[in-house]
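Thanks for making the time this morning.

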Amino acid sequence: MIKFQNKPLTESKYILDWIEDMAKMTKPDKIVWIDGSEEQAEALRAEAVSTGELIKLNPELLPNCYLHRTAVNDVARVEGRTFICTKKKEDAGNINNWIEPGECYARLTKLFTGSMQGRTMYIIPYAMGQVGSDFAKYGIELTDSIYVVLNMLIMTRVGAKVAEAMGDGKGFIKGLHSKATLDADNRYICHFPEDNTIWSVNSGYGGNVLLGKKCFALRIASYLGRKEGWMAEHMLILGIENPEGEIKYVSAAFPSACGKTNLAMLIPPEYYRKKGYKTWCVGDDIAWLRVGKDGRLWAINPENGFFGVAPGTNEHSNPNALHTAMRDTIFTNVGLNTDNNTVWWEGLNDNPPVHCINWKGEVWDYRKYDKADKVNTSAAHPNSRFTAMAKNCPCISKEFDNPAGVPISAIIFGGRRAKTAPLVYQSFNWQHGTFVGSIMASETTAAAAGAVGVVRRDPMAMRPFVGYDMGDYFAHWLEMGKVIPNPPKIFHVNWFRTDDEGHFIWPGFGDNMRVLMWILARCEGKVDAKETAIGYVPYAEDINIEGLDISKETLNDLLSVDKKSWLEDVENIKAFYEQIGERVPAELKEELAALEARLKK
Ligand code: OXD
Ligand code: MN
């Protein structure tokens, strides 16, 4: 029998046996249950400060805030080291990396054996979604990292209530994480969807180790969603309230670091504010969607906090995120202003600190900053983060904790495309909308390791997050379309179109509300649109540009469909569908052929 330092939060033999097996393998010195109490969290923060794992920031300016630095080779999700381990390779599909489960367990067992020696194992029982809600799912993460514990306490709902809701434990998601030696060559983020299991080793970076987030709420949950008839998506959820107090909700999928958090916390431009419009954030990264009794699609945000990208967050781009992160926050890999013990990142303001320690822990000289080599010359790593509580967000929706979620009027796909995609267009129907999602593409960002600025296809922004074959995932979308009596309308947006000199043409940020207003007007059948080869595009006069320094011609440019570049894209999509393989549904191949024919007409 293993010995716990504090009272176990469950009596489930199933759960306790599993913990015992994991402890026998990893051999921690101590084992502690995380109960979700403030006292325990505070003691862990103090311990992490005493070992240097966390730096306590200025309590007057940043109350209850801390800074953490990861290893320099461990700063982003590692897609090349992320695996879906299904019994059959074809069930993981061609887009995912795959290792046969038996082989993977054996390989990782070697890495986990003794990996917690001299350390404490923390047992974190957590819920994704409100405990007791029809949407909720439960997991336990075993970890040897206090940083992980403290982040999970912000990002998920943790503690005794969760352990109680797990009951006998069957069906909970078994997560095991160890920093081990942080050896990048032996870093593995492995998912066993057929066993409800996640094993992550040799990393300390959020996206690889906060197992409730990408690993569970997207990869494992997408697999469960297909089996159980619901959807787990890489989507923000935003409510838009009109002057009559009626709130309509949209969910939107964008690839990592394309402004999801900004859109989720958008502040309407003055024109709309004066009229009485308001916006409410339900979620900034993940949506779980189910068909409601009323035949609409309903969504929850399964998370309890935000793991947002810091650089570029400022009073203009996202004041709500900034205010959210001013208390009870863990900053990771940002700069430390040593004059006042606060944090700084590129794009926060125009006053870089004169005395600063950069994300690598070195003295930093702002005069050496070189845009072309951000990783080595900036104060904050381009993928540095804040982990902040949803409840501290000034615009958090009052439905945030509603176990039933919110009804979705529109699904919006988007990418970072300099040329091809217009500012906004609407799909013809659910099937065509699924096609539009399946051909999403974006120029890559710093959220994942690898080259930045290269166009890659990222269907539904889920390329790194689908826990099974991508073709089957598309088929699941099509199936869902058949069982939602009153489905949301599906749109595509692109805030990132540039002129010939490479400048962004659309102002973005709060002004994206203008596009959302067109989208909602379309959902309500209140505005006409132009039918084009790719879908319905707005008439320029229907996008409100009052108060913006944008000419009608520029708007027309933003809304234009360049057939030549679309036809080039079609070739690229064909190759991508080939790469996904034979499970791409016939309906989507037909949509592609029909698009090509319309473009050639
Ligand atoms: C994220 C990501 O951290 O998508 O949300 O990488
Ligand atoms: Mn994300």
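Let me begin with serine 256, which sits in the loop between β13 (247-253) and α9 (260-264). Please keep in mind throughout that this is a predicted model. Is serine 256 buried or exposed? Its relative accessibility is 16%, and because buried means under 20%, serine 256 counts as buried. Its side chain also makes a polar contact, at 3.0 Å, with the side chain of arginine 77.

Both of these residues take part in the surroundings of ligand 1, where 8 residues are found, the closest being Arg77, Lys214, Ser256, Asp285 and Arg385. Looking at the individual distances, an N or O atom in the side chain of serine 256 is 2.5 Å from an oxygen atom of ligand 1. For arginine 77, the corresponding distance from a side-chain N or O atom to an oxygen atom of the ligand is 3.0 Å, and for the side chain of aspartate 285 it is 3.2 Å. On its own, ligand 1 has 210 Å² of accessible area, and the protein covers 94% of that.

Helix α4, residues 101-112, has 12 residues and reaches 16 Å from its first C-alpha to its last, which is close to the 16 Å expected at 1.5 Å a residue. Which residues of α4 are buried? They are Pro101, Cys104, Leu108 and Phe112, and because they cover an arc of only 65 degrees around the axis, they lie on the same side of α4. The cover over these buried residues includes α1 (13-26), together with the strands β8 (173-178), β9 (188-192) and β10 (197-201).

The ends of α4 also deserve a look. After the helix comes glycine 114, whose phi is positive, near 75 degrees.

Helix α17, residues 563-580, can be read in a similar way. Its 18 residues should span 26 Å at 1.5 Å a residue, and its end C-alpha atoms are 25 Å apart, which agrees. The buried residues here are Ser565, Trp566, Asp569, Val570, Ile573, Phe576, Tyr577 and Ile580, and their arc of only 150 degrees around the axis puts them on the same side of α17. On the face turned away from that buried side, α17 carries the exposed residues Lys564 and Glu578. What covers the buried residues of α17 includes α13 (430-438), α14 (470-483) and α18 (586-600), as well as the strands β25 (424-426) and β27 (455-457). Glycine 581 follows α17, and its phi is positive, near 110 degrees.

Aspartate 328 has a phi of about 50 degrees although it is not a glycine, and it lies in the loop between α11 (319-324) and β18 (330-332). With a relative accessible area of 18%, aspartate 328 is buried. Asparagine 341, in the loop between β19 (335-337) and β20 (342-344), likewise has a positive phi, near 55 degrees. The relative accessibility of asparagine 341 is 28%, so this residue counts as partly exposed.

I will stop there and take your questions.

Note on methods. Residues are numbered from 1 along each chain as its sequence is written. Chains are lettered from A and ligands numbered from 1 in the order in which they are written. This is a predicted model: local features need pLDDT of at least 70, side-chain atom pairs count only at pLDDT 80 or more; totals for chains, interfaces and linings use all residues. Side-chain values use heavy atoms; hydrogens and water are left out. Helices (H or I, at least four residues) and strands (E, at least two) are DSSP runs, numbered from the N terminus. The expected span of a helix is 1.5 Å times one less than its number of residues. Buried means under 20% relative accessible area, exposed over 50%, partly exposed in between (1.4 Å probe, protein chains only). The arc is that of the directions from the helix axis to the C-beta atoms. Contact means heavy atoms within 4.5 Å. A residue is near a molecule or strand if one of its heavy atoms lies within 4 Å of it. A polar contact is a pair of N or O atoms within 3.5 Å; within protein, one must be able to donate a hydrogen and the other to accept it, and residues adjacent in sequence count only if both atoms are side-chain atoms. Accessible areas come from the Shrake-Rupley method with a 1.4 Å probe; for residues, only the protein chains shown count as cover.
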